[in-house]
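My notes follow as numbered points, to be read alongside the model.

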Amino acid sequence: IVEQELHKLYTLVYVLNKDKTKILLGLKKRGFGKGRWNGFGGKVEKGETIEQGALRELKEESNLDAKNLEKKGVIYFKFEGDPVIMDVHLYTTTDVSGDLIETDEMLPKWYNVSDLPYSSMWPDDPIWHPWFFEGKIFTVKFFFKADLETITGYKHKFASSV
Ligand SMILES: Cc1cc(-c2ccco2)c2oc(N)nc2c1
């Protein structure tokens, strides 16, 4: 029998400074991805578009308002033994307003793009970050072991739009 794929929508927003030498990361203080530096994001809720979900999560987790978001791609995550696939819609912005604050979810910190804390980030990041920082638009699917640490493989495509 063919097991049905179930897709759950998520967002991930990276704020960069104007000359794209620095990137804003947040240290997840609890829940999924706790202890890892990542962009800002989370689940897309019923009744909102994916982009509205991205803006909402950025505001909730950092207090920043993005004037516009640029779509960079979609990262799919499949975990062994779990039929649910995470569709993580990836955005960037250099145009934010508001005062950056630490929330109970996230501790924010600006990093030099040339010096990211990969040992405290998700293991897929070093794989797709080069495409992302080169301004490519891409889709990539990662296959994770259930430990959320080990990647058993990935497939990627470059796109002209996503
Ligand atoms: C499994 C996984 C999930 C996420 C995620 C959840 C919500 C937004 O992103 C990741 O983000 C990154 N950079 N790697 C990730 C791996």
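1. Surface. The protein chain exposes about 8800 Å², with carbon and sulfur atoms supplying 53% of it. The areas come from the Shrake-Rupley method with a 1.4 Å probe.

2. Ground rules. Please keep in mind that this is a predicted model, where local features need pLDDT of at least 70 and side-chain atom pairs count only at pLDDT 80 or more, while totals for chains, interfaces and linings use all residues. Numbering runs from 1 along each chain as its sequence is written, and side-chain values use heavy atoms, leaving out hydrogens and water.

3. Fold. Two helices and eleven strands make up the secondary structure of the protein chain; these are DSSP runs, with helices being H or I of at least four residues and strands E of at least two, numbered from the N terminus. Along the sequence the pattern reads β-β-β-β-α-β-β-β-β-β-α-β-β.

4. Dimensions. The radius of gyration of the protein chain is 15 Å, which agrees with the value near 15 Å for a compact globule of 162 residues. That rule is 2.2 Å times the number of residues to the power 0.38, and the radius is taken over C-alpha atoms. Along the principal axes, the C-alpha atoms fill a box of roughly 50 × 35 × 35 Å.

5. Contacts along the chain. Taking contacts (heavy atoms within 4.5 Å) between residues at least 6 apart in sequence, 65% join residues at least 24 apart.

6. Main core. The largest nonpolar core has 25 residues, and Ile23, Ile75 and Trp128 have the most contacts inside it. Such a core is a set of buried Ala, Val, Leu, Ile, Met, Phe, Trp, Tyr and Cys residues joined through side-chain atoms within 4.5 Å; buried means under 20% relative accessible area, with a 1.4 Å probe and protein chains only. Elements giving two or more residues to this core are β1 (6-16), β2 (22-28), β6 (70-79), β7 (82-93), α2 (125-133) and β10 (137-144). Beyond four places in sequence, Ile75 touches residues including Met86, Val88, Trp128 and Phe142.

7. Second core. A separate core of eleven residues includes Val15, Leu24, Phe40 and Met106. Val15 lies in strand β1 and is buried, with a relative accessible area of 0%.

Methods
Buried means under 20% relative accessible area, exposed over 50%, partly exposed in between (1.4 Å probe, protein chains only).
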